[in-house]
Amino acid sequence: MAADASKFVLPASPNWYCSAVADCSLNRIYVFGARNCVYILDVSSSPPVFEGQLAGHAERVTSVCFCKHKLHANFLASGSDDKTVKIWDVETKLALMEHKAHNAKVTCLIWSPLVTDLVISGDEKGQIIAWRYAEEKLFGGCPVQEHIFSMALSYLSEGELAVGYKSGVITVLNVNSSDGRIYLVHKLQGHSSEIHSLAWCPTPKEHIDFGPLQDKATAAEGHLIVSGSRDQTVRLWDAAQCKVLSIKQLPKRSSRKDKYDSYGPKDRLWLSVCWPAASPGHVISSSQGGELLLWDLSKEGKINTNPLAWATQELCSTLAAMSLGLE
């Protein structure tokens, strides 16, 4: 395989229909899962440079997530259909440790933005495993016995976890490391299909302009979360009060006839959301037509989406940096 990312093409892979199969580090190292490997790109320059791959999983890689703390910015967690969760050093490309606590295929995982050694993973049977690897501590729970599609940890409270399920339900959980238990706090109901992506407010202690929703958003005291679903809506929630504050419908594809705009059971629609720390007044989402959409949170009730562009190498690098607050 060539050293330049512009000189190779990866074969089509089912990994792309996973909620967390790519991530970018604080050092601008971008990784993504393809089949049973993790590929590494340096996106600090243009075009990105291929840096190698991580091989060790026996089956498809379903999720990857970098450590969000500068001291261990080169640490990466990965989950797989082989039911294992591994932690890697992307500089040495070596697997440092792993656990096999899941009894089903791992579908997603997240690294805590507040606790350096906390990695939480979920599987297709609804089991959630919290791993404090520095303390060699594993504990789990299964508040909803259903396929987990997405997870996100709060930037406000270290144990506040949101989990999205196949049915469209979102749970808010309390992951308590002290007693080794996972508690169900709330259920957020409103979506009618799979929860593909979740994102907590990245700056919960800072002022954000929510326009006519300002009072309701302020009352949430930072416990705000955005969800993207296969039902083609993006929703803003007050996770503390179990209330939906805003529902944004994806615009229809202009390039296809109306009869094709509805989705069927076999359609591969995917709605990812990103709430960037560098621009917390906006949410970025994918769309039906392939564009990235920019939603202005201050303009509720109006058509407030702008297509950013078709995905390019420069755009991917910029968005990755925005999500981490680097630009």
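This is a predicted model: local features need pLDDT of at least 70, side-chain atom pairs count only at pLDDT 80 or more; totals for chains, interfaces and linings use all residues.
1. Aromatic pairs. The structure contains six aromatic pairs. One of them joins Tyr30 and Phe32, whose ring centres are 6.2 Å apart; their planes meet at 40°, so this pair counts as tilted. A pair of aromatic rings is described by the distance of the centres and the angle of the planes.

2. Exposure of Tyr30 and Phe32. Tyr30 has a relative accessible area of 25% and is therefore partly exposed. Phe32 has a relative accessibility of 6%, so Phe32 counts as buried; the cut-off for buried is under 20%.

3. The cluster around Tyr30 and Phe32. These two residues belong to one aromatic cluster, together with Tyr39 and Phe50.

4. Phe149 and Trp270. This aromatic pair is also tilted, with 6.1 Å from centre to centre and 40° between the planes. Phe149 sits in strand S13 (residues 148-153), while Trp270 sits in the loop between strand S20 (243-249) and strand S21 (273-274), so the pair ties together parts that are 121 residues apart in sequence. Both Phe149 and Trp270 are buried.

5. Position of Ser177. Ser177 lies in the loop that runs between strand S15 (170-176) and strand S16 (181-188). Its relative accessible area is 17%, so Ser177 is buried, given that buried means under 20%.

6. Neighbours of Ser177. Leaving aside residues up to four places away in sequence, Ser177 touches Arg132, Lys137 and Phe139. Leu138 is 39 residues from Ser177 in sequence, and the two are 9.3 Å apart in space, taken from C-alpha to C-alpha.

Technical notes: Residues are numbered from 1 along each chain as its sequence is written. Side-chain values use heavy atoms; hydrogens and water are left out. Helices (H or I, at least four residues) and strands (E, at least two) are DSSP runs, numbered from the N terminus. Buried means under 20% relative accessible area, exposed over 50%, partly exposed in between (1.4 Å probe, protein chains only). Contact means heavy atoms within 4.5 Å. Rings of Phe, Tyr and Trp (its six-membered ring) pair if their centres lie within 6.5 Å; planes under 30 degrees apart count as stacked, over 60 as edge-to-face and the rest as tilted.
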